[in-house]
Every structure is written in C-alpha cells, then in structure tokens.
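User: Got a model open and want a quick tour. Can you walk me through it?
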Amino acid sequence: RVVVSCASGDRDLEQIQKLSQLCDAAGCQLVREAADANVLVVGPQIEPKTSLALARAAGLPIVSADWLRARSRGFASQLDDFDAATLARDAVFEKTFGVDLGDVLRPRKPGVLAGFAVLPRPGAEAAYGSDRHRYEAAVEAGGALWLRKREHLPADRRLINLDRHSLPVADGELTMDERDLLLCLIRDERPPDRLRTRAALTAAKR
C-alpha cells in the first residue's frame with residue numbers, strides 16, 4: 001500500500017490518472033492516508049508534511065516515483081526491493097532542515113515523542129483544519145498521546161501545547177508550532193532539543 005505526498009515536480013505523481021495507472025502496473029494499492037500505507041512516495045520537492053513525519057516515525061520507506069516506475073517495468077519484484085537509486089532525496093530540503101533522507105530510520109522504541117501528550121490550542125491549524133486527523137496519527141506514531149482536553153493529561157506525561165508559534169524551552173509544559181512538532185518526527189529529535197535547536201538557529205541569524 002502506497003501513499004503519495006509532495007507530488008509537485010513529477011508528472012506521474014501530479015496527475016491522478018497517471019498515478020493510478022502507475023500504481024496498478026507496479027502492483028501497488030494507492031491509499032489516501034499515510035497511516036494506512038507501508039511506503040511513502042514523494043516528488044522531487046519535499047516539504048515537512050504530516051505524511052513525511054509519520055513515515056519517519058514509523059520507519060516507512062520513503063521513495064521517489066522511480067521506485068514505482070521500476071516496479072511497473074518488473075525490475076523490483078518484492079515490496080522491500082529498495083536501493084539508493086529509488087530512495088527519495090532533496091538536497092535543498094535536507095540542507096534546510098538538517099535531515100539525511102538516505103539514512104533510513106528504524107522505528108524508535110519508545111518513540112521520539114514518548115512521555116509527551118499533545119494538546120492543540122484553538123489558534124493552531126491542527127486544532128480544526130482538515131489535516132487534524134493526520135497530525136493525530138503522526139503524533140501517535142511518535143509515541144505521544146493526542147489530547148482533546150487538558151484535564152485528560154495523564155500524570156506521567158509532559159504537555160506540549162500545539163500553537164501558532166513555538167516558545168523557548170522551559171521546565172514543565174512546552175509550546176510548539178506545527179512545523180516544529182513535525183520536525184521532531186522528521187529529524188528524530190526530542191521536543192526540548194528541537195526548541196533548543198530552533199533557538200540556536202534564530203540566534204545565529206541575528
């Protein structure tokens with residue numbers, strides 16, 4: 001089962017009819033949600049999206065459309081036939097966010113968000129947007145709980161308030177925006193460390 005994200009820049013991925021035909025030829029089932037997939041297929045211009053975050057947290061292979069094309073031509077008979085030529089790479093994305101997509105992550109046990117619970121605040125897109133269920137799935141793949149009310153916070157979990165802007169790391173509760181939360185999963189970086197990285201990058205730009 002494959003899910004496609006960041007399709008821009010690859011005609012086979014951008015056009016649903018071509019994509020469906022390619023998946024059929026490759027012997028793959030196309031699904032809508034990363035939570036239902038075993039492979040994430042992306043275009044050449046990768047962005048920090050929920051699908052990428054979930055794939056990194058769950059250890060799913062992240063490949064380019066070349067993997068589908070190779071399978072459709074019979075060059076890869078098994079679902080796990082991945083090689084360096086078909087792994088997704090984007091030099092700009094990797095440099096910008098400090099990620100090596102060639103380093104295939106194995107699911108961290110416990111997850112990078114283990115010990116945390118995430119509460120979307122009213123101002124956060126994840127609180128009401130159409131991608132809310134995707135944020136929830138990505139967060140849970142990383143080992144955190146997704147809360148709907150603060151009073152549901154378990155005593156053994158540290159709260160992450162998901163808001164429009166991240167705040168400096170502090171004792172107790174953390175406040176992160178959606179991008180920083182996704183980058184925790186994409187970079188395999190614990191939330192306090194992510195906020196420290198962000199603060200250091202901001203200070204370096206001044």
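User: Let's start with helix α8. Is it mostly buried or exposed?
Analyst: This is a predicted model. In it, eight of the ten residues of α8 (residues 178-187) are buried, so the helix is largely enclosed by the rest of the structure.

User: Which residues of α8 are the buried ones?
Analyst: Glu-178, Asp-180, Leu-181, Leu-182, Leu-183, Cys-184, Leu-185 and Ile-186.

User: And what follows α8?
Analyst: Asp-188 does. Its phi is positive, near 55°.

User: What does Thr-50 touch, leaving out neighbours within four places in sequence?
Analyst: Arg-134, Tyr-135, Ala-138 and Leu-182. Leu-182 is also one of the buried residues of α8.

User: What about the second largest pocket, what's its volume?
Analyst: About 260 Å³. Residues lining it include Phe-97, Asp-180, Leu-183, Arg-194 and Lys-205.

User: Which helix gives the most to that lining?
Analyst: α9, with five residues. That helix spans 191-205. α5 and α8 each supply at least two.

User: And by class? How does the second largest pocket's lining divide?
Analyst: Six charged, three nonpolar and three polar residues.

User: Phe-97 is in that lining. How many aromatic pairs are there in the whole structure?
Analyst: One. Phe-93 and Phe-97 form it, with 5.0 Å centre to centre and 50° between the planes. That makes the pair tilted.

User: Why are Phe-93 and Phe-97 about one helical turn apart?
Analyst: Because they are four residues apart in helix α5 (residues 91-97). In general, an α-helix has 3.6 residues a turn, so residues three or four places apart point the same way.

User: Are those two Phe residues buried or exposed?
Analyst: Phe-93 and Phe-97 are both buried.

How values were computed
Residues numbered from 1 in each chain as written. Predicted model: local features only at pLDDT ≥ 70, side-chain atom pairs only at ≥ 80, totals over all residues. Heavy atoms only, no water. Contact = heavy atoms within 4.5 Å. Phe/Tyr/Trp six-rings, centres within 6.5 Å; stacked < 30°, edge-to-face > 60°. Buried < 20%, exposed > 50% of the residue type's maximum accessible area, 1.4 Å probe, protein only. 1 Å grid on protein atoms, 1.4 Å probe; cavity = no way out; pocket = protein on both sides within 12 Å on 5 of 7 lines; lining within 4 Å. Points joined across faces, edges and corners; volume = space filled by probe spheres on them. Nonpolar A, V, L, I, M, F, W, Y, C, P; charged D, E, K, R; others polar.
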